[in-house]
Amino acid sequence: MPYDAVIVAEKPAVALAFARYLAETGYKTVYVDGVKAFLFRYKGGDYLSIGLVGHVLDFDFPREYNKWDSVEPKQLFFVNPIWVVREGSYKYVKALKTLANQTSTVILALDADVEGEGIAFEVIKIMSQVNPSLEFKRVWFSAVTKSDILAAVNKPRAPNELWAKKVFARMMLDLTIGASFTRLLTLSVQRRKSQLPSGKFLSYGPCQTPVLYLVVKRELEREQYKKKKYYVLIAELEVDGEIFSASVNLGEDKEKAIKIYEKLKEVKHATVTSAEAVIVDVNPPIPLNTIDFESRASSFLNIRPKEALAIAEKLYQYGYISYPRTETTIYPPTLNLNTLASMFTNWEDAGWYVSKLLTKGFTPTHGREDDKAHPPIHPTRAATRTQLERHMGSKAWLIYELVARHFIATLSEKAQVERQKILVSLAGVELQAEGRRIVYPGFYYVYPYAKPEEKPLPYLVEGDVLDVRNIKLEERTTQPPPYLSESELLALMKRYGIGTDATMQDHIHTNIERKYFVVRQKRCIPTPLGRTLIVSLLEVEPRLVLPEIRGRMEAQLARIATGERDPSEVVDEMKQLFLEYYENLASKIDYVSEKLLPVIAEVYRQASEDKSRKNSRNRTNHRRTFSRYLRKKGQK
């Protein structure tokens, strides 16, 4: 055998890291069936590490069932999906088969989570078919650093088949449910001469569609909200040169509000009836898990969850942060927080504060979640803005900085904020002013994202007399709840169990790609197509969109991972459940397609116009560029 062991990683960058950190005398780049790999000596033996691109196998229906026009979608519930090679993964499968005959040991260095375990068993399936005598060892690591990789290789474990079975059961269910309902919806509108462009379809997904429901539900709540007018009296007050405002809500009675205003508008002085100032502690954030990370990247940095996680994974692969897919909010005792913090004693504007923490000592914050797999997301090496922006781009720096600052904040002191409230009497009418002052910044020194805006009030005591500079009466309107933010949507998905920490952002992205909702100013706004789809399904078969149904499915899938349920039983049970929903929808599909037809035509007409405008702008820009080129050439 040419190789004492073959290491299979999930990404090429991780494969390279294994070669770099394990090699005794450097490594050599080679190619196996067109796939880059790394050859090196380790403990006196020849090792080869090779990286994949995630899943290499998938489930699909037999070829004869992929003819939409000739196969009734309902039949898909009675067909067992088969294994197929994922598009773009053929060369990786070929390379694995080649290597199966060139070693006796395979080290599975896939990402250390349920999804990575699924990929590990795909590798086992491919290579075992060629060489049944292969020995497979699973290594588990949470950061791509030398110490983590050495520790993982020196303490391999057995692959967890139950986790893989959970992954494969979900893949089969999502395929069957998604394909059957997508075909039913698409074919129903196509048969009615829909304006669906070639290659476009109306997709349904057991995760995707409940996510859309949550977005549409908020829009419906906004529309059902009854706005009310109310009146607020505002007084601009002055004492010792300091000016602040106090106000009172006078309610919805306009005439009464005007009478009070008329009575007070000429009053020149107000008297303080109460002045309170309470100092409260503000706790630092708890350690960072995936969902919280995506929410904060969206809220603080305006970086979409899918993109934020993709950047975080790249930072992980190059050894800057720990594995970004984790549900844990408790630092394990094996994580040396002092050593990690020491990396930042000279970092950016936070170094002095980190040095203070290390000198004084610290107690990290903690949450309640622990997936027993990975620590919370944290930095694994110090990096500078210049370094990361040069090699990975400005957004990579923003994501890294958020992770690093969040980590330092979890080791930091509490902040202290003074909350102020002043009550004043204006000719017998009581007005209120509220203020806020940061007394001690604490973790805000290193975590400016969450720092509140200061609105301090002057220090006053009961009986102080204030000058009234101005009085005005404002008519205001109560506002409906805002559209869901991506942060709120992620929290709802977590509550209902829609997707996993690894896939939640994908379900949001899929809805956007399908033109079911858009994100504007961090808010998720359904399109007419997305809204009509959800409302129509709600009328016919609401269980198809309610998030509780997906939560029920995820709960049963979780029992596969613990050995409580047999995968085939769970798959059959869920298929039977959705078959009932399918038959209910199919019996009224004409009604649903009638609702969808007008909005489908409008959506794709608009998309076509947008594309034409974009092409027109591009042509104009090309002409201008070419004209500038000719002018410069003429000058020369």
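These are my notes on how helix α14 packs against two other helices.

**Entry 1: setting.** I am working from a predicted model. I looked up α14, residues 486-496, and began with its packing against α6, residues 208-224.

**Entry 2: α6 and α14, geometry.** I read an angle of about 125 degrees between these two helices. Their axes lie 10 Å apart. That angle makes α6 oblique to α14. I noted the hand of the crossing as well: α6 and α14 cross in a right-handed sense.

**Entry 3: α6 and α14, residues.** I then listed who touches whom. From α6 come V211, L214, V215 and R218. On the α14 side I found E488, L489, L492, M493 and Y496. I sorted the residues of this contact by class: seven are nonpolar, two are charged and none is polar.

**Entry 4: α14 and α15, geometry.** Next I turned to α15, residues 504-513. Its axis and that of α14 come within 10 Å. I have the crossing at roughly 120 degrees, so α14 and α15 are oblique to each other. This crossing, too, I logged as right-handed.

**Entry 5: α14 and α15, residues.** Here α14 contributes E486, L489, L490, M493 and K494. Across from them, α15 brings M504, H507 and I508. I count five nonpolar residues, one polar and two charged in the contact of α14 with α15.

**Entry 6: cross-check.** Which residues of α14 turn up in both lists? I compared the two and found L489 and M493 meeting α6 and also meeting α15.

Terms used:
Residues numbered from 1 in each chain as written. Predicted model: local features only at pLDDT ≥ 70, side-chain atom pairs only at ≥ 80, totals over all residues. Heavy atoms only, no water. Axes fitted to C-alpha atoms, helices over the stretch in contact; angles between N-to-C directions. Helix = DSSP H or I, 4+ residues; strand = E, 2+ residues; numbered from the N terminus. Parallel < 35°, antiparallel > 145°, perpendicular 65-115°, else oblique. Left-handed = near helix turned anticlockwise from the far one by under 90°. Contact = heavy atoms within 4.5 Å. Nonpolar A, V, L, I, M, F, W, Y, C, P; charged D, E, K, R; others polar.
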